[in-house]
Amino acid sequence: MPKQPKTPQTTLSFAVTEVDPVSVFGTEDSLLRSIEAAHPQVSVLVRGNEISLSGSEADIYAAKKLIDEAIELSLKGVALQPADITRSARVIEQLQSPAQMLSQSILSSKGKSIRPKTVNQKNYVDAIDENTIVFGIGPAGTGKTYLAMAKAVQALQRKEVSRIILTRPAVEAGERLGFLPGTLTDKIDPYLRPLFDALHEMMDPDSVPKLMATGTIEVAPLAFMRGRTLNDSFIILDEAQNTTPEQMKMFLTRLGFNSKMVVTGDVTQIDLPNGNSGLKVATNILGKVDDMKFCVLDSSDVVRHSLVAKIVDAYSKFEQKAAVKKSGPNR
């Protein structure tokens with residue numbers, strides 16, 4: 001067979017002058033290594049603020065675009081981490097601007113900015129702005145609950161709503177909270193603690209008890225929503241995969257005037273005894289209803305430790321193989 005002609009190699013050299021090169025290349029070139037990992041076909045050489053890229057024209061163009069986006073993010077005050085470079089490379093592949101997306105701050109809290117970090121997360125945040133009811137479906141660590149909480153706090157601070165209501169099913173207790181020891185707070189605390197933790201990260205911890213005392217923020221089990229109409233509120237239902245179809249219908253029909261609802265859950269983590277999840281049923285029934293959006297996040301949207309995404313993928317593959325084995329050969 002005739003040898004394939006080699007792709008012509010070229011070199012592009014330029015200087016980073018708009019920002020401190022360290023903010024783009026990272027301390028001890030940690031960010032630069034992420035750029036090289038994203039484009040292994042490109043040879044990268046740095047001297048001072050001068051950088052040279054060698055490789056094919058197409059590969060150089062892609063690497064240069066990633067560096068340009070890193071510079072723009074740095075100009076916007078984003079303190080870049082290696083994970084930001086990795087995510088930016090994925091965003092560019094999907095024909096979007098990381099600088100535009102990653103600088104979209106929802107809240108600033110305790111010196112850090114809460115913002116979408118992946119394309120799916122940005123689409124999810126945009127959907128919350130544009131729709132009355134949004135479903136965020138995905139595995140742990142994809143930011144589905146955290147970003148919804150940030151949007152709720154933002155809406156309250158902007159006076160777009162007068163209260164925030166956070167709820168989740170206490171499935172481990174079968175919602176029979178009266179059988180548990182202690183006060184009502186003691187009974188519900190284990191199920192609602194993740195929501196409390198997120199609130200304290202986003203708001204002044206001293207203000208949270210006061211807002212809860214006045215009813216501006218309400219954190220309660222799903223069973224407490226029955227029979228109510230929730231007006232002028234931002235309502236979040238977390239762990240929705242553990243609702244029954246009847247509970248999901250009950251919750252969604254609590255929607256009142258000038259309110260938003262966000263429903264979050266992971267359909268691979270259903271704890272119900274019969275596995276008949278209200279979240280799954282709602283996905284099948286409500287997918288084409290106007291002013292309602294279903295957003296799916298996956299392992300590529302995990303913004304915790306990078307190992308979490310690998311764990312999610314490994315379990316997903318294992319469960320798929322188990323499902324195929326259980327169903328048996330096709331007849």
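Helix α7 (residues 144-157) has 14 residues and spans 20 Å from its first C-alpha to its last, close to the 20 Å expected at 1.5 Å a residue. The expected span is 1.5 Å times one less than the number of residues in the helix. This is a predicted model, in which local features need pLDDT of at least 70, side-chain atom pairs count only at pLDDT 80 or more, and totals for chains, interfaces and linings use all residues. Residues are numbered from 1 along each chain as its sequence is written, and side-chain values use heavy atoms, with hydrogens and water left out. Helices (H or I, at least four residues) and strands (E, at least two) are DSSP runs, numbered from the N terminus.

- Helix α7 is mostly covered, with twelve of its 14 residues buried; buried means under 20% relative accessible area, exposed over 50%, and partly exposed in between (1.4 Å probe, protein chains only).
- Among the buried residues of α7 are K144, L147, K151, V153 and L156.
- After α7 comes K159, which has a positive phi near 60°.
- Helix α3 (residues 57-75) consists of 19 residues and reaches 27 Å from first C-alpha to last, close to the 27 Å expected at 1.5 Å a residue.
- The buried residues of α3 include I60, L66, I67, E69 and L73.
- G77 follows α3, and its phi is positive, near 85°.

**The sheet**

- Three strands make up an open sheet in the order β1-β3-β2, with antiparallel pairing; two strands pair if DSSP finds at least two bridges between them.
- Strands β1 (10-15) and β2 (43-47) stand at the edges and have a single partner strand each, so one side of each lacks a neighbour in the sheet.
- From one strand to the next, the twist averages 15°.
- Strand β2 is joined to β3 (residues 50-55) by five bridges, and the two run antiparallel.
- V44 stands opposite L53 in β3.

**Salt bridges**

- Side chains of opposite charge can pair when their charged atoms come close.
- A salt bridge is a side-chain nitrogen of Lys or Arg within 4 Å of a carboxyl oxygen of Asp or Glu, and by this rule the count comes to seven.
- K122 pairs with D126, their closest N and O atoms being 2.8 Å apart.
- Both K122 and D126 lie in helix α6 (residues 119-130), four residues apart, about one turn of the helix, and both are buried.
- A salt bridge also joins the side chains of K151 and D129 (2.7 Å, N to O).
- This pair links distant parts of the chain, with K151 in helix α7 and D129 in helix α6, 22 residues apart.
- K151 is buried at a relative accessible area of 6%, whereas D129 is partly exposed at 45%.
- R158 forms a salt bridge with E160, with 3.8 Å between the closest N and O atoms.
- R158 is exposed, with a relative accessible area of 54%, while E160 is partly exposed at 41%.
- A network of salt bridges links R168, D238 and E239.

**Nonpolar surface patch**

- L307, I311 and Y315 form a nonpolar patch on the surface, with about 310 Å² of accessible area together.
- Patches are made of residues with over 30% relative accessible area and no salt bridge, like charges being joined within 9 Å and nonpolar side chains (Val, Leu, Ile, Met, Phe, Trp, Tyr) within 5 Å.
- Accessible areas come from the Shrake-Rupley method with a 1.4 Å probe, and for residues only the protein chains shown count as cover.
- Y315 lies in helix α12 (residues 306-327) and is exposed, with a relative accessible area of 52%.

Technical notes:
Axes are lines fitted to C-alpha atoms, for helices over the stretch in contact, and angles run from 0 to 180 degrees between N-to-C directions.
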